[in-house]
Each structure stands twice: as structure tokens, then as C-alpha cells.
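Okay, thanks for making time, everyone.

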Amino acid sequence: MKLSDLSTGRSAVIVSVAGAGAFRKRIIEMGFVRGKTVTAIRNAPLNDPIEYKIMDYFVSLRREEAHLVEVADADSDEAKKLSRPAFSIADGGAFATQEHPEPKIVKVALVGNPNCGKTTLYNYLCGTNEHTGNYSGVTIGAATNSFTYGNYIFEFVDLPGTYSISAYSPEETFVRNKLLTYDPDVVLNVVDSTNLARNLYLTTQLIDMGERMVMALNMYDDFEKSGDQLDFDQLGKMIGIAMAPTVGSKGTGTKALLDKIIQVYEGEDIFVRRVHINYGELEMLIVNMINLIDKNCHASPILLSRFVAIKVIENDLDFVRENVKCADVDALINELVAMRDHAKEMSSIADLETYVTDLRYSFIDGALNETYKPAKRSSKQTLSQRLDNIFTHRVWGIPIFFLVIWIMFECTFKIGQYPMDWIDMFVSWFSDLVSSSLPDGPVRDLLVDGIISGCGGVLVFLPNILILFLFISFMEDTGYMARAAFIMDKMMHKMGLHGKSFIPLIMGFGCNVPAIMATRTIEDRNNRMLTMLIIPLMSCSARLPVYILFCGAFFPENAGNVLFSIYILGIVLAIIMCRLFKRTLFNTQDLPFVMELPQYRMPTLRTTLLNMWSKAKQYLQKMGGIIMVASIIVWFLGYYPKSEEIEKNYAYAIENIERQTFASAEEHDAAVDSVEIAYRSAAQEYSLIGRMGRVIEPVIRPLGFDWKMGVSLVAGVAAKEIVVSTLAVLYHSDDEDASLMSNIYNEKRNGERFFTKANVLSFMTFTLIYFPCLATLTAIKNEAGHWNDFHMSKRRRRKVHSPWRWSLFVVGYTTVLAWVVSWLVYNILK
Amino acid sequence: MSVQDVIVTIVLIAAVAYAIIRRVRRNGRGDCGCGCGKNCPNCRS
């Protein structure tokens, strides 16, 4: 029977996994091995993918992938016959003792499965605020930090989560290479205590590597609540690893953990030693291989010959080629491969990789059988399962997802409106104060019309940005984001997107830069490239101020709906472009997607507040840096040169008004205002920025934009917040109390309002689509590599050397697309 | 050119210099300009 045929709620035992390559390797490493029980939990909306439970955790598999797993009914004779290899451990000897010079620097690498709480623990230990979330693949690259504890300086490096250290995905290769190059004194293996069996698989590979290890049994509070019991001291003694229970989110057990690390670093823990997992029938082969390796070359001091031999058995020859220092490494590899193939022929083993994985799981089962006692599981559903019944419901799952997103935008606008008004009042008051304290002249104008107006114009949107991030962070930390990927997978798949693209695309709503980096988790380079190219269409938080500004001024009643529609437009365009690129640029394969569905967790107040603080700090830093610089430059370009003729005409017009008699003071003020507006407009048009604006105006006029809007879009290339700060400088009025929103709303040309719903929506559309910011382009350049690295269709393939080409391609296509879509929006609504 | 014009010009030069220095630093080390700060995954790569 195939796993895909297993009906909901029923259990079966795994017999074998068909298929080949990365998918097969990945799921057997995730525990889909012979003899393990798997239960079908539920189908996603649209009937695909399916959620399964295996080894006490939940995983999502697509129907076509589940079809590759052969299972037998749990009560059948076939299931009872499925035996697992015996478990045994051999002592590999103590670690070499070392004298450490003062000051004692302890290099620690955090390694563990995705979503086991490594970064939360790292943040607590180092006092940092790295991005965390309750789903796999949040950490990208390696974060480093150091701190002093007692007489020791701890240097921590937080590595991305990985299920294994085979070379099947970029993050696995990254972790393995980092471990070899960083050469940590101690590897801190963080495991999720509530799912030991699956988490210990990575530990077995680290044991094979011969790493000196301390294990943090993280989320130990959840483990204790479950009623399970673990004799972790005994487990540690058995497998040669020091153990410490921790709760990363609360910091519980972190002191004891650091003390354990020191003990292991100093070689004071006698139980920490090398152990060898017994690979049964392959042990003789391993010994022969070790002899051959030791005879021919010196494996690097941090690389054990035994580990090299195991890598050859697992057919990871690239690793051997890259890391073994030897006169003729290819000859050595050929010899080792010949030995391996010969041994396989002589044995009864059908597949060496599966056999090695089976033995590792036997090792885990054996070690846990002696130390771990699971509590009797209640037949009642857990809270997580009850929540899943609602959020991943076959009918209601997708509407609930859209409702959640809609509520997010509605709250971003509605709740954000109050603090936004307060900040606006403060900016006006401050502007008044500066204006009345300084004498007339360029310095006062620079401060009031340039810096305060530009920075203040952006500052007012801080509450909206924070509310948006609060929602995103809540969805990430609770585990809803993984559910969103689960319920949307089929739809994404139909649209030609890889399942793993979902998380980077969602991250793009925060900031496109980490989203581009997050594509590293996608194994296939063409799929990765495709995702990278459409991420800029995911509207990042920096574009939010533009939408809030115009929605607030022109759609105050329906601001949430308009905001929601803009984001949906971005998603729809991303899908269209994805299909187009897939047909014309990339020959992508349809790759399998396995995703863990974590338990729901309530985010701690501390983490949420720290996240908010970090976002606010970043925003303010950006405001005090690049936005202020841009405001100064834009103001300067809009202020100089001065035309004597315009100045004279202005003075003459004012003089004329003063000579006239008006019926009321209001009439007098109105006359002065109209002269002021005319003067300002003429002076701006004469200025450098006005001249530049006039050059680009013919291109943007069909979209309903004037030169000021065009200039703000050009300035926004550096960072999208600058669009608003530039608008604030260029549309600044003499009324210090007037907000940017009212200035824009009341902007008039020939006595009529310049801004209409048509050109406002066209402008928002253009901002959504056009030219990603420079930081995103740099990220694409770094991540995309060379044009000819990718398997493009033959017609399009050409040899291009600049790594900037992909960034330029994104610039080109987004700008053309922005123009076309904005033109359509403007002309349809006009 | 008035004193105020001179002050404004100095501020402008400082702002442009700051932008250039930031850009140079971006290429060498540190900040890529995305606003993520010291632990930005882009600069770190």
C-alpha cells in the first residue's frame, strides 16, 4: 500500500521509500525509515498536501511524494516482520587534552534541527535580537557574537537549522563547511526535547564527525509538561555527550549550560568522549578504508578518517574531494569507491545510504530505549491539533487565511491612525518651534522644509510599520506561518512555484533583503532564481508609508481594503511573472517539498517587545541616516539656484497686495497664499530638481504623475522610505500645521485638485512594482551569481560575466512592468 | 554668498560625504544599507 492511500486517522508502518536523490535522502533522514509508524492526520484544502504524524512530530507531504512511500497496515504480518538492525556503540577514545592560553576563548557553534530554538537560545545567551520564528528556515547564514562569562570569553556562532549534514541542500553544505572552517572548541547541539528521536539523527552525524559536544535539551518545560521522563545523565554517559536541559525563551538552564561547556572545553567531564556508532556489516569495510586513508594521506586534523570513510559509503564524494588533503585525491577516491562497491556486492545490503540511516535510527532507538520513558498519550486532541482543525480546515482554511491578512492591513491602518496623528502633531509643533526661533534664511528653510519635513514625513508612519511587524511576528512565532504554507501549497504548486518559495515570499513582506537570502533553502538553483526574481513584487514594509499616506488622504473609509488590494496585486503579478519566466527563462523541475508543521506556541512578551524595539530602532536609524541625507540633498536641489527674476516678481506681487485694500483679513491672507504658492512653484521649477524633474516628466506624464512625483520615485531607488520623505520636502507648504496628507490632498493646479483617485492608485501601483531598493539589488547580486551559472533555455543562454546582470534584469523588468500596469490603472480609472 | 548659504553648503557636503562613505563601507564590510544593522544577513554573507 502507498502512504498516499492511507485514509485520514489511520496508521501504518513504513516498509520502504522509493524515488531517488535529495527527496528520498531528506525524508529517510526525517524518520521515514523501515519499521516506523506513520499516521495520516488531515488533507489540506484542495486535498493536497497531506499532514502526517511520525515520531511525535507533524510533517506535510504532497500526495505525489507520499505515493513514493510504501507502507503496510500496522496490524499486518508484513509489518510485524519488519525488523530493525541491532544497536551497539563502540568507544572511540577520549578527546585529546589541550592547554588553553589566557585569555581563554571558547569557540562554540550552535547546531541543530530547524525550529528547535537555537536562535532563541543564542539571543538569550548573547543578548542579541536575531530573527526567530516558529517555522523552519528562519536563520540564514551564520550570526556571531561574543560575551564574557567568568574567566572565559565565549564566541558563539549560530548556524542555520538542518536535519542532517549531507550535501543535499545549500544550508546543509553551509553548516558542514562552517563546522570544518570555524573549527569550534565545543559544538552546542541544540535539540527539541519534545522530539528527541528525530533531533538525535543530526547528533549521530556529529558523533561520526568526532565533534566535542554539549547537548542543550531545549524546550524542556514542554517536555516535562508532556509527562515523559528522560535520564539525560545516563543518555549523555552512553553517547559521550554532556547534557543540559534548557528553556531558551525564558533563559532557564543557561548558566548550567555554560558551565557544562566550560567543563567540556577544559576536558574535565570524563564522560565526554568519542563514540563510534556500529555500522554492522560495514564495520570491516570502514576499518579497511581508514587504513587506506591513513596510509595515503593526512585527513585534516579536524577531520576523522572514519568520517571520511562513512562519507564515501554515503556517496558524498564531493565532500571528500574538497576536504581531504592528499597528493592524488581522485586516485584515493577511486580506490575507496571500488572497495565500497566490492563490499556491497559481497553483502546483502540493497542500498548503502538507507542502511547507514537505518543503523543511525537503530542507534537512537537503542539509546532512548534505555533512558527515555514516554508518558501514556491521551486520546484527547492537544490544543495545537484543535487549532489546526480550524486553521487548516478543508473548507475554511483558505478564507481564514485571507481574513487574517485582511485584519492585519485593516489594523495597520485603523489602529495606527491614532499614534500617527500624535506624532504628526509633535512634528508640526517642533517645526513651528524651530521656524519661530530662527531668523529667515536658508538655514531655517533647510531645517524646517528639508530635515524636519523629510524625516518627520517618514517618522509619522512608524506606528503603522510596527503594527504590521507585530502581526507578521505573531504569525511567525505562533506557527501559523507554517500552516499558511501548508494550506496554500497546492495553489502555489499549480501556479508554478516551488513549495519552499512560500517562506521567502512571505518574508518579503517584511524586507526583501532577508527574503532573497532565505531562498538559500531551495535546493534547485533554477527554482531559487525564479523565487529571487519575483520577491521584489512582494511589497516590503518600506513601501507601506506611501500606501498609508495616499490611502489616508484619498480613501479614508476603505483604507484597509485598498491596502489589502495593493498587496494582492503584488502577489498576482508575482504569479504571472513566475509563469512567464518559467516558460521563457528557466527550465525548472517540479521538486518535492517536505515541511515540518510545528506545534503552536504562544510568543513571549519579551520576544515580542524585543522584536518591536529592534524594528523601531532600525527604522529610526534609517531615518537618521539615509533618509535625512536624502532629505537634505533633495531640499538643496529644490532650493538652488535662486532666480533673481522670480524673487523680484514675488516681492513685487506681495508689495502690490499690501497696497490693496481688502474687505477682510481672510481675503488678504488668501491673496498672499496664492502668491506664495505661485512663487514656490516657480522657484521649484527653476531649481536643479525642477529641471531634472522636467526631463523625466514626459515619461511619467502618461501615468498621471507630475515631475515631483517622478523625482520622489527616482529618489526612492536608494530606499523606498525616501519616496515619502521627498514628497514631504517637495509638497511642503507654508502652513507648518498642515500634514503631508493634507498638503497632498489640497495640491492644486489651475485651481483644480491635482491628485485624483486615478493618479494616486497609479502612483501606489508604480511604487509597489518598480525598481527594488539598492540593498535588495546587492542581495540579488550576491545570491544570484553569474548569469551563465543557471540552466537557461538554449535560445536565451549566453555567456555574461557580470554578477550584477541579474540585478539589472530585475531593475529592467520591474520598471517596465510598473509603467505598463500603472498606465493601465490610470487610464482605466481616469 | 551669505553665512547661511555657507552653512547650508557645508551641511550638504557632509551629507554627500556620509552617503559616499557608507557606500564604500558597504562594499568592504558592514552595512549594506537595508537597515537591518550589524546582523544583517546580506552584509554578513
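So, in what order do the six strands of the open sheet in chain A run? It goes S8-S9-S7-S10-S11-S13, and the pairing is mixed. Keep in mind that this is a predicted model. The mean pLDDT of chain A is 86, with 94% of its residues at 70 or more.

On average, neighbouring strands are turned by 25 degrees against each other, ignoring direction.

Further in, S7 (residues 104–112) and S10 (residues 186–192) of chain A run parallel and are joined by five bridges. If you want one to click on, A:Leu110 has A:Leu188 in S10(A) as its bridge partner. Then there's helix H6 (residues 196–209) of chain A, lying across S7, S10 and S11, at about 160 degrees to S10(A).

Now the helix pair. H17 (residues 442–459) and H30 (residues 721–730) of chain A pack at about 135 degrees, axes 8 Å apart. That angle makes H17(A) oblique to H30(A), and their crossing is right-handed. Contact residues include A:Gly450, A:Ser453 and A:Gly454 on H17(A), and A:Val724 and A:Ala728 on H30(A). By class, that contact has six nonpolar, five polar and two charged residues.

Methods: Residues are numbered from 1 along each chain as its sequence is written. Chains are lettered from A and ligands numbered from 1 in the order in which they are written. This is a predicted model: local features need pLDDT of at least 70, side-chain atom pairs count only at pLDDT 80 or more; totals for chains, interfaces and linings use all residues. Axes are lines fitted to C-alpha atoms, for helices over the stretch in contact, and angles run from 0 to 180 degrees between N-to-C directions. Helices (H or I, at least four residues) and strands (E, at least two) are DSSP runs, numbered from the N terminus. Angles under 35 degrees count as roughly parallel, over 145 as roughly antiparallel, 65 to 115 as roughly perpendicular and the rest as oblique. A crossing is left-handed if the near helix is turned anticlockwise from the far one by less than a right angle, and right-handed if clockwise. Two residues are in contact if their C-beta atoms, placed from the backbone, lie within 7 Å. Ala, Val, Leu, Ile, Met, Phe, Trp, Tyr, Cys and Pro count as nonpolar, Asp, Glu, Lys and Arg as charged, and the others, Gly among them, as polar. pLDDT is the predictor's confidence in each residue, from 0 to 100. Two strands pair if DSSP finds at least two bridges between them.
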